[in-house]
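Subject: Structure handover

Hi,

Here is the structure I promised to pass on. Have a look at it first, and then read on for what turned up.

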Amino acid sequence: MVQVLRIPNRIKRFKVGLSKRLILTALWSAFSFANQDQIQIDYQVAVTTIDKQAQEAITSSGVSESVRDLADRYFRFHQPLRIIFGGDEGPLYDTDQHQVLIPYSFYIESLNYFLEYAERAQTDAEQGALDTLLHTLLHEVGHAYIADHRLPVLGKEEDAVDNFAAIIMLNYIEYGDLAAINAADMFALESEGRPNYYQSYEYIGEHSFDLQRYFSTLCLVYGSDPEAHSELLNEIESELREERQQACIETFYEIDTNWKKMLSDHWLGANQPKL
């Protein structure tokens with residue numbers, strides 16, 4: 001049976017989620033492969049008041065520890081990965097140092113987006129910012145996993161790790177569908193205020209456009225459970241909606257199957273998880 005992580009980033013369920021997560025982690029560790037430092041988490045000293053607030057929000061949420069738990073269960077590394085909060089760089093995966101960099105300012109920027117567009121957002125600002133952080137962490141960890149296992153990538157790696165983040169959230173995190181929707185909303189919010197055209201260099205950038213990333217994530221959420229999310233794609237023109245809904249079901253199945261096969265084929269340890 002697949003274990004669903006009750007991750008404490010769901011603020012209203014923080015205490016219950018945390019206790020269940022710790023119990024599951026303790027049970028899992030009894031069967032776990034000896035290396036328990038799959039992901040090492042470091043918090044740099046927060047100097048400004050804003051950075052201190054961000055650090056407190058991140059540490060109290062348990063989001064980074066939940067990503068570490070997910071790695072222990074589903075996607076282990078040959079070389080332990082470091083996640084460093086603080087500094088000015090990022091979010092990014094540093095290939096040379098095999099570490100993920102997340103500045104405190106990223107959380108604050110996400111929080112401000114959700115506050116500014118509160119009427120459009122489907123959640124409170126803090127929850128939206130934490131869900132965005134979770135998706136971003138998994139996105140960057142996806143880059144690290146690809147590098148660590150030397151996985152082939154056919155197409156844009158940025159799209160591949162967006163899919164990785166969404167698939168992990170949808171399969172293994174309680175209310176991961178809602179978290180993925182909030183993270184997708186962040187892509188939509190970031191596109192607000194942009195001109196109706198892009199600069200030439202953006203067309204050859206490594207990332208898809210923000211609205212593409214928004215709809216791609218919603219597509220996977222819809223495809224994972226069309227009945228639960230029957231109205232999720234209602235932004236699409238009615239004459240095209242049914243076709244895209246069916247395509248999203250097929251897209252989710254394909255991406256979900258392929259990522260699970262990749263994780264299964266590259267599992268490290270004696271106890272193969274059920275993916």
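A word on burial before anything else: a residue counts as buried under 20% relative accessible area, as exposed over 50%, and as partly exposed in between, using a 1.4 Å probe and protein chains only. Please keep in mind that this is a predicted model, where local features need pLDDT of at least 70, side-chain atom pairs count only at pLDDT 80 or more, and totals for chains, interfaces and linings use all residues. Residues are numbered from 1 along each chain as its sequence is written, and side-chain values use heavy atoms, leaving out hydrogens and water.

**The overall fold**

The chain has nine helices and four strands, where helices (H or I, at least four residues) and strands (E, at least two) are DSSP runs numbered from the N terminus. Along the sequence they follow the pattern α-β-α-α-β-β-β-α-α-α-α-α-α. Of the chain's 275 residues, 49% are buried. Taking contact to mean heavy atoms within 4.5 Å, residues 24 or more positions apart make up 70% of the contacts in the chain with a separation of 6 or more.

**The strands**

Two strands pair if DSSP finds at least two bridges between them. Strand 1 and strand 2 run parallel and are joined by five bridges, with isoleucine 41 partnering isoleucine 83 of strand 2. Strand 2 also pairs with strand 4 (residues 99–102), again in the parallel sense, over four bridges; here arginine 82 has glutamine 99 as its bridge partner in strand 4. Strand 2 is mostly covered, as four of its five residues are buried.

**The core**

A nonpolar core here is a set of buried Ala, Val, Leu, Ile, Met, Phe, Trp, Tyr and Cys residues joined through side-chain atoms within 4.5 Å. The largest one has 70 residues, and Phe75, Phe77, Phe85, Tyr107, Leu138 and Trp259 touch the most other members. Helix 5 (residues 125–149) contributes the most to this core, with eleven residues. Beyond its neighbours within four places in sequence, phenylalanine 75 contacts several residues, including Leu138, Val141, Tyr145, Phe164 and Trp267.

**Aromatic pairs**

Rings of Phe, Tyr and Trp (its six-membered ring) pair if their centres lie within 6.5 Å; planes under 30 degrees apart are stacked, over 60 edge-to-face, and the rest tilted. There are eight such pairs in the structure. One of them is stacked: tyrosine 43 and phenylalanine 85, at 5.1 Å centre to centre with 10° between the planes. Tyrosine 43 sits in strand 1 (residues 39–43) and phenylalanine 85 in strand 2 (residues 81–85), so this pair ties together parts 42 residues apart in sequence. Tyrosine 43 is partly exposed at 26%, whereas phenylalanine 85 is buried at 0%.

Phenylalanine 75 and phenylalanine 164 make an edge-to-face pair, 5.2 Å centre to centre and 75° between the planes. Both of these residues are buried. Ring pairs also link Phe75, Phe77, Tyr145, Phe164 and Trp259 into a cluster.

**The disulfide**

How many disulfides does the rule give? With a disulfide taken as a pair of cysteine sulfur atoms within 2.5 Å, the count is one. Cysteine 219 and cysteine 248 form it, with their sulfur atoms 2.1 Å apart. Cysteine 219 lies in helix 8 (residues 210–224) and cysteine 248 in helix 9 (residues 238–265), 29 residues apart. The link is left-handed, at -120° about the S-S bond. Cysteine 219 is buried at 10% relative accessible area, and cysteine 248 is buried at 3%.

Best wishes
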